[in-house]
Amino acid sequence: MKTPILRYEKGEGANKSESNTMKYGVAWNDSFKLGNEQVDEQHRKLFEVVSNLVAAHMEGRDAEKLQETLDFLANYTCKHFQDEEALQVRYGYPDYERHKQLHEDFKVTVDELVQRYSASASTAELSSDVNRIVVRWLVNHIQREDKKIVEHIRKTAAQLI
């Protein structure tokens, strides 16, 4: 039995042209936009990678393809966190250390997910964990934590003008 997939799709008021409705996984929509082009583009990519991982499972792709996608997710997440943290430093984000620790904790969680999957190759467990851990964390982190950073950047940039 395949694990049900959480779907985060276009909410009310979202711009239809910005919706990325997908057959499986988590779909990007305007409600996740923060207004920083670099951050928004990287978040879109994370949604795409997570959706590709879910699709690979749902379509019954082999364990090697799932492992490749999971490894890419882990690597891309690290790159995104480095870029986001550089923005925080550049704009003097006051909660930088706490935010960086959230990233570190999540990297450990994703690494554990990769190791568990590598050891057991259980696609049902992987799908469940991606939904339970990765999707929920990503959505909550963008809507709560990353939103604060972008607001700080806007205020700081406005003061410099």
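**Exercise 1. In what order do the elements of the chain run from the N terminus on?**

Step 1: Before starting, know that this is a predicted model, where local features need pLDDT of at least 70, side-chain atom pairs count only at pLDDT 80 or more, and totals for chains, interfaces and linings use all residues. Residues are numbered from 1 along each chain as its sequence is written, and side-chain values use heavy atoms, with hydrogens and water left out.

Step 2: Read off the elements: α-α-α-α, starting at the N terminus. That's four helices and zero strands. (Helices, H or I with at least four residues, and strands, E with at least two, are DSSP runs numbered from the N terminus.)

Step 3: Check burial. Of the 161 residues, 45% count as buried. (Buried is under 20% relative accessible area, exposed is over 50%, and partly exposed is in between, using a 1.4 Å probe and protein chains only.)

**Exercise 2. Find the residues with the most contacts inside the largest nonpolar core.**

Step 1: A nonpolar core is a set of buried Ala, Val, Leu, Ile, Met, Phe, Trp, Tyr and Cys residues joined through side-chain atoms within 4.5 Å.

Step 2: The largest one here has 37 residues, and F47, V50, L70, L73, L126, V130 and V134 have the most contacts inside it.

Step 3: Now see who supplies it. At least two residues come from each of α1 (37-58), α2 (63-90), α3 (96-120) and α4 (123-160). The biggest giver is α4, with eleven residues.

Step 4: Zoom in on V50, which sits in helix α1 and is buried at 1% relative accessible area. Skipping residues up to four places away in sequence, V50 touches V26, L73, V130, V134, V135 and L138. (Contact means heavy atoms within 4.5 Å.) V50 and V130 are 80 residues apart along the chain, yet their C-alpha atoms are separated by 7.6 Å.

Step 5: Apart from its neighbours within four places in sequence, L70 contacts L53, L113, V114, Y117 and L126.

**Exercise 3. Work out how α1 packs against α2.**

Step 1: Take the axes. Those of α1 and α2 come within 10 Å and cross at roughly 165°. (Axes are lines fitted to C-alpha atoms, for helices over the stretch in contact, with angles from 0 to 180 degrees between N-to-C directions.)

Step 2: So α1 is roughly antiparallel to α2. (Under 35 degrees counts as roughly parallel, over 145 as roughly antiparallel, 65 to 115 as roughly perpendicular, and the rest as oblique.)

Step 3: Sort the contact by class: twelve nonpolar, eight polar and four charged residues. (Ala, Val, Leu, Ile, Met, Phe, Trp, Tyr, Cys and Pro count as nonpolar, Asp, Glu, Lys and Arg as charged, and the others, Gly among them, as polar.)

**Exercise 4. Is E85 buried or exposed?**

Step 1: Locate E85 in helix α2.

Step 2: E85 has 9% relative accessibility, so it counts as buried.

Step 3: List its partners: beyond four places in sequence, E85 is in contact with Y96, K100 and H103.

Step 4: Repeat for E145, in helix α4. E145 is buried at 12% relative accessible area, and touches Y93, R98, H99, L102 and N140, not counting residues up to four places away in sequence.
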